[in-house]
Amino acid sequence: MADSITIEFDSAPVRDALNRLLATLGADGMAPAMKEIGEVLQESTKQRFATSTAPDGTRWAPNAQATFDSYLNRDGKNFRKDGRLGAKGAARAMNKKPLVDSGRLADSIVWQLVPGGVEVGTNRFAGEWDGGAAVHQFGNRKGTIPARPFLGVSAEDEVQVLEIVERHLMGALGG
């Protein structure tokens with residue numbers, strides 16, 4: 001993924017399991033397990049947008065008032081004639097989750113096989129109207145946009161990766 005950042009995941013149990021699989025299957029035989037891992041991590045990453053939760057389980061910071069204002073002022077259909085927020089606008093504001101406006105960022109999450117493993121990420125890192133994915137992952141220097149990490153491996157992801165590797169290992173050993 002060109003123009004990307006790297007967030008490394010290093011877990012001794014996963015590393016040991018992958019090394020056992022590598023020793024059993026060789027590098028060429030790892031692709032099916034890596035593809036399955038990529039698919040699981042891609043889906044898990046996309047789910048973070050639905051739950052507004054970082055890989056470590058913490059909730060993302062709520063939207064700032066300026067975000068709500070910009071969101072509600074876009075189409076002019078959210079306010080009553082007297083300028084107060086209407087029922088439709090209130091409902092839209094209540095359902096506005098951080099990082100889920102157009103769905104473009106969540107939809108851009110992909111995986112790809114790389115030598116020795118799999119990468120999960122997005123190509124929306126810089127030059128976006130919204131500051132790009134990196135700003136959302138890490139926040140900005142001014143502190144006006146808080147970090148809302150979406151890339152990474154959760155404890156549940158780690159368990160699933162181990163299960164995938166162990167299943168492939170058992171299959172290779174005929175068990």
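Is Ala-23 buried or exposed, and what is its relative accessible area? Ala-23 is exposed, with a relative accessible area of 71%, where exposed means over 50%, buried means under 20%, and partly exposed lies in between (1.4 Å probe, protein chains only). This is a predicted model, in which local features need pLDDT of at least 70 and side-chain atom pairs count only at pLDDT 80 or more, while totals for chains, interfaces and linings use all residues. Residues are numbered from 1 along each chain as its sequence is written, and side-chain values use heavy atoms, with hydrogens and water left out.

**Helix α1**

Ala-23 has its place in helix α1, and its C-alpha atom is separated by 15 Å from that of Pro-13, ten residues apart along the chain. Helices are DSSP runs (H or I, at least four residues), numbered from the N terminus. Helix α1 covers residues 12-25, and its 14 residues reach 20 Å from the first C-alpha to the last, close to the 20 Å expected at 1.5 Å a residue; the expected span is 1.5 Å times one less than the number of residues.

Within α1, the residues Val-14, Ala-17 and Leu-21 are buried. They cover an arc of only 70° around the axis, which puts them on the same side of α1, the arc being that of the directions from the helix axis to the C-beta atoms. An α-helix has 3.6 residues a turn, so residues three or four places apart point the same way. The cover over the buried residues of α1 includes α2 (31-51) and α7 (155-172), with contact meaning heavy atoms within 4.5 Å. After α1 comes Gly-26, whose phi is positive, near 80°.

**Aromatic pairs**

The structure holds two aromatic pairs. Rings of Phe, Tyr and Trp (its six-membered ring) pair if their centres lie within 6.5 Å, and planes under 30 degrees apart count as stacked, over 60 as edge-to-face and the rest as tilted.

| Pair | Centre to centre | Angle between planes | Type |
|---|---|---|---|
| Phe-49 and Trp-60 | 5.7 Å | 75° | edge-to-face |
| Phe-49 and Phe-150 | 5.3 Å | 45° | tilted |

Phe-49, Trp-60 and Phe-150 form one aromatic cluster.

Methods:
Helix = DSSP H or I, 4+ residues; strand = E, 2+ residues; numbered from the N terminus.
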